[in-house]
Amino acid sequence: MASKKRIWIVRDYMKCSGCRKCEIACSLFHENKIWPEASRIRVFMLVPGAEVPHLCVQCEDYPCVKSCPTEALSVNSETGAVLVDEEKCSGCGICIDACPGRIPHLHPGKKRILICDLCNGEPECVKVCQEGKWNTLSVVKRKGWNETLRAYSRTPEEITRELVINLYGEKGEELL
Amino acid sequence: MHGYAGKLLEINLSTGKVKNISLKDDILRSYIGGRGLAAKILWDKLGKEWETIDPFEAENILLVFTGPLTGFFPGGRVCISGKSPQSNGMIGSTVGGEFGIDLKCAGYNGLIITGKAQKPCYLNIIDKEVAIKDASHIWGKTGKETLKILTKETRKELHEKFPRYGELKEPSALYIGPAGENKTRVAAVMAKWTHGAGYGGYGGVMGSKNLKAIVAKGLGPLPEVENIEKVKELIKKVCKKCYKEELWRRWGTGAGGYSVGAKSSSEPIRNWQEEWHDEKSFAVDKFEQRLWIKQYWADYGCPTACLKLAMPKTGEFKGAITDNPDYELQAYLGSNLGIFTPEGNVYVSAMIDDLGLCGIQAGNVLGFAAELYQRGFLTKKDLDGIDLTWGNAKAFTELAKKIAKREGIGNILAEGSYRAAIKLGKMKNVNLLPYVVHEKGVAIGAHGIRSGKDYTSNISYACSVQAGDHTSVAALPADRRGEMATIIEDSGVYCFFNTFSVDEDLIWDFFEAVTGWRITREEWYKESGLRILQIQRAMLLLGGPDYKWNPEKDDENPPRFYDPLPSGPYAGKTVNKEAFEESKHEYYQVVGWDKNGVPKPETLRKLGLKHVEKKLREVKILA
């Protein structure tokens, strides 16, 4: 049975304004500070106009969890989010290499990894994105295991390379 | 000192030495940050010999300051200043983007850049580490190329420096294009592709220091604040108000391209020969219908997203990318050049960005040159074969390239329209000043005063310490409508476009929640804000070395503003000289200046500025 809390954050890169309200909301919620690099969602801007909100996609096979040598990562059975046990995490970064999109990143102030925890089913980033009517991020229900989620896990460069073409046409190829 | 990152970074490019500077609480409380703090520091460092300092020599100082509210108040900016090569005073010139956030997260409130590097360099600030790096490979490159190379290089460096961190976000950069490198007076300090700190001409100051760019990457949080719960609540409040302004968000100031021209008759057309047009091609949605537009493009924390990106998809200007021209650029790189097609407007704007020119300053001098061509004062030969007819977008970009490179006639026009008029006038033996629309060497923003229907008034520019700057105008009463209100925004360093729909009290609440200081209205308009205004005024009056302004003669509107408007619903309207004199003297009185426009000794003493009084006496500005 899928939990009611089992959600997924849909991301529409073409709509992202780059306002980074999601970063602000995420770090305020988790750190009680505005801290761009400690945010679990981060907006990359490798080319102006091609803003890419980058956050965990909850791959169906969770390669990060499997790769963790200290068993610090686990899957929340209700939400499907990857949870980090701060005590167990050594900050080794092996999960970063295991992630197809290199999405996990080290906390810039503590020796631990940062991965989106879906705010226990009510993600703050989506709330602020919706408040602003940007609609870049929205929540959908996950009814079961969707085998294609892993395909969304891509590096900022990979996403940007395609996005610039969509935005700027053939001119986009010169920009990255 | 809540809201502050703790220190300023002073970099001497001549010696390569770097040091940290801490400031006392009372200095910060009085001068806040950004423009206010810049005025204080600049006066302390250069005030004694202000009039002798050439803005393009190593003695000048470039300041890049954030403020306590940068990153907290929605829509952060960064304030650039120094001695201005346009006004010879000091202008606080702000630019949007993420640079200020990165700088604070790296642990610095601001940068004081002195001296001059021997060869092209850029500053690289990665967290607390500062390096002066070789920039020979990016010198001469356009804005887009520069940013592309810097982003790639610094991303690589981050990977090497922090191998276990995973992917870190790209650093932010401020940079100059060829126009800055070649020390034109019309060059901007650029951010992203299309944002520029244009007023003041600090792109040329960076160029004079051989400084191509400043890159910053902060890994830390924004500084501690006094009351984080209150800050959260206030951010929400401001955003909620801004989100309600749906049309403002959708169109930004770009909605003005038709309405300001057609309705308020205050838009520069063909170098201000007219201020009215009825070209519906500039009506609000025409750009969106004809061009590819990224409708919402925001800087860090901004709820409004007034700038957008634009690109023609077909035709001869296909592939030119710039921000969808906002009102100022629709005016200065559109109607002011007789260009009334969105495609042509975008094409010229994109070139201006790439060259690192200021759209307003460059648009003003391009329009000035075209009027001289129209009147036969400049010939095709003078322009090296360019047929500078109104509306000829390609011709204007060719001339813009010459200006940025200081080639041929471009070398004279690179001085800005005022200085160019004097030089060309001497060469041609004719008075060209009637065709210059400037205030104390600064091109006037695209909001004319003749119709009386815009937000500007007869003293807006003439009495402003930032001269032609349309974002910081002198006004009566001298409170929230006027320049001291802009000083608080440029000193807290956030975008005043996000304050339009909020109450004034919320601004002071915001300062309190971040810094812990309850600044009162009284305190700001009668003391702190007024003090900053006096210092800027003193620097403007000291001027030099090439031009000094005598307020009796130079606190004046450009001659064109006394010609009656020739067309439109307000045809015949003009600035009334007597009414202007009356407003001017009333303003002088309110801000504590004597009848000649000089800060009175008692005004200066009351504000603790005896040292300013002493200097003004030394050079006989004060008797």
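## Cis peptide at Pro545(B)

Pro545(B) sits in the loop that runs between helix H19 (521-542) and helix H20 (551-554) of chain B. Helices (H or I, at least four residues) and strands (E, at least two) are DSSP runs, numbered from the N terminus. The bond leading from Gly544(B) into Pro545(B) is cis, and its omega is near -5 degrees.

## Model and confidence

The structure is a predicted model, in which local features need pLDDT of at least 70 and side-chain atom pairs count only at pLDDT 80 or more, while totals for chains, interfaces and linings use all residues. Residues are numbered from 1 along each chain as its sequence is written, and chains are lettered from A and ligands numbered from 1 in the order in which they are written.

Chain B has a mean pLDDT of 97, with 100% of its residues at 70 or more; pLDDT is the predictor's confidence in each residue, from 0 to 100. For the model, ipTM is 0.97 and pTM is 0.98.

## Cis peptide at Pro477(B)

A cis peptide bond is also found between Leu476(B) and Pro477(B), where omega is about -10 degrees. Pro477(B) belongs to the loop between strand E17 (442-443) and helix H17 (483-492) of chain B.

Arg102(A), which is not a glycine, has a positive phi of about 50 degrees. Its loop lies between helix H3 (94-98) and strand E6 (105-106) of chain A. Arg102(A) is partly exposed, with 19 other C-beta atoms within 10 Å. A residue counts as buried if 20 or more other C-beta atoms lie within 10 Å of its own, as exposed if 12 or fewer, and as partly exposed in between, with C-beta atoms placed from the backbone.

In chain B, Asn271(B) has a positive phi near 55 degrees. Asn271(B) is placed in the loop between helix H9 (256-264) and helix H10 (286-290) of chain B. Asn271(B) is buried, because 26 other C-beta atoms lie within 10 Å.

## Contact between chains A and B

Chain B contributes 36 residues to the contact and chain A contributes 39; two residues are in contact if their C-beta atoms, placed from the backbone, lie within 7 Å. On the side of chain B that touches chain A, two or more residues come from each of helix H3 (99-105), helix H4 (143-161), helix H7 (228-244), strand E13 (292-297) and strand E14 (307-311) of chain B. H7(B) gives the largest share of that side, 4 residues.

The residues on this side of chain B comprise 21 nonpolar, 6 polar and 9 charged. Ala, Val, Leu, Ile, Met, Phe, Trp, Tyr, Cys and Pro count as nonpolar, Asp, Glu, Lys and Arg as charged, and the others, Gly among them, as polar.
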